[in-house]
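Subject: Handover of a structure and notes on its contents

Dear colleague,

Please find the structure below, handed over for your study. I would be grateful if you kept it open while reading the notes that come after it.

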Amino acid sequence: MRRSVVRGTGHYLPERVVENSWFEERLDTTDEWIRSRSGIERRHFAAEGQTTSDLAIRASKAALERAGLTAQDIDGIVLATSTPDFTFPAVATMVQSGLGIKRGFAYDVQAVCAGFVFALANADAMIRAGLAERVLVVGAETFSRIMDWTDRSTCVLFGDGAGALILEAQEGRGDSDDRGILSSDLNSDGSYRELLYVDGGVSSTGTAGQLRMQGNLVFRHAVDKLAKTTTTSLTKAGLTDADVDWMIPHQANLRIITATAQKMGLPMEKVVLTVADHGNTSAASIPLAMSIADREGRLQQGQVIATEAIGGGLSWGSVVLRW
């Protein structure tokens, strides 16, 4: 059967690094308070005039270089973001143009922090269906543009960045020993909208709005739902929690990541962590962390990788793949 195998990864972080001390000067907060509640020490903010598509193009070029491919080898682009440059066109089409591609498809997926998992499953389905041989999957965000800088409970948590990977069709036997994406599990429940949302939009206020979150309630849902969706994906693949070599979670909050790993019985030595340096980059966080782990040589061929994420909607899901 056709499998979607990771051919290359890439990422890009804006040059501006914002330490927790920056918030100490502006809000009633401290470095210790931020670290103890989130595990975040610093994050990157996009420069003035730097857009989500700018970050995505740079990450995509890095992934192409890593894969030893050119832009003309790509059949389509699926991009996850909640902070597009414009209402339309899709950021993916701007990445397509920025890479000099004039064929194939390019579209966005919006599932907030779970966006990259949804995009990955979507791209995998297209490859399995024979609609593409190679798909560039990107997560890119400029969340600094939708922060309420007076709300210390949210504005300290988020950062900007982009990550990308290239999926390539390869033949497998159809069992759990295959390389590539083995399974996925996607979920949404719109009744929890008030827990995490942006209070603006084209057809409501005509403004971009600002992020609002009930952090304690999101935490309660996150740990249970993330552990369950990951176990579901593993079961679909014929694997168990014990088979996981690396968990690459959405980098939202160290406490959520730690509690989810404990619930699954995974030692933290098997969890890729970048939240301290990047903060929550929403749909960009998983591909960012994956690219960094790849460059550090931690991801080895044949290893089982589990990814999971939850975001506004609520929307949550997981993907299990063999590197």
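The notes that follow treat a sheet and a helix, then the pockets, then the cavities.

The model is predicted: local features need pLDDT of at least 70, side-chain atom pairs count only at pLDDT 80 or more, and totals for chains, interfaces and linings use all residues. Residues are numbered from 1 along each chain as its sequence is written, and side-chain values use heavy atoms, with hydrogens and water left out.

The sheet

Helices (DSSP runs of H or I, at least four residues) and strands (DSSP runs of E, at least two) are numbered from the N terminus. Two strands pair if DSSP finds at least two bridges between them. An open sheet is formed by five strands in the order β1-β7-β6-β4-β5, with mixed pairing. Its edges are β1 (2-12) and β5 (105-109); each has a single partner strand, so one side of each is left without a neighbour in the sheet. On average, neighbouring strands are turned by 20° against each other, direction ignored.

Strand β1 pairs with β7 in the antiparallel sense over ten bridges, and there threonine 9 has leucine 165 of β7 as its bridge partner. On β6 (residues 134-142), the antiparallel pairing with β7 (residues 160-171) runs over nine bridges; here glutamate 141 has glycine 161 of β7 as its bridge partner.

How enclosed is β1 by the rest of the structure? Eight of its eleven residues are buried, so β1 is largely enclosed; buried means under 20% relative accessible area, with exposed over 50% and partly exposed in between (1.4 Å probe, protein chains only).

Helix α3 (residues 52-67) lies across β1, β4 (76-80), β6 and β7, and runs at about 120° to β1. Contact here means heavy atoms within 4.5 Å; axes are lines fitted to C-alpha atoms, for helices over the stretch in contact, and angles run from 0 to 180 degrees between N-to-C directions.

The pockets

On a 1 Å grid over the protein atoms alone, a cavity is a set of points where a 1.4 Å probe fits but cannot get out, a pocket is an open set with protein on both sides within 12 Å along at least five of seven lines, and lining residues have an atom within 4 Å of a point. Grid points are joined across faces, edges and corners, and a volume is the space filled by probe spheres set on the points.

The largest pocket holds about 840 Å³ of space. It is lined by 33 residues, of which Ser82, Thr83, Pro84, Gln110 and Ala208 are the closest to its centre. Strand β9 (residues 196-198) gives the most to this lining, with three residues.

The second largest pocket has a volume of about 570 Å³. Among its 28 lining residues, Leu157, Met213, Gly215, Asn216 and Asn253 are the closest to its centre. The most is given to this lining by α6, with six residues.

The cavities

There are two cavities of 30 Å³ or more in the structure. The largest cavity contains about 50 Å³ of space, and its lining includes Ala222, His250 and Glu308. At least two residues of that lining come from each of α6, α7 and β12.

The second largest cavity has a volume of about 30 Å³. Met247, Thr260 and Glu308 are among the residues that line it, and α7 gives the most to this lining, with three residues.

Yours sincerely,
A colleague
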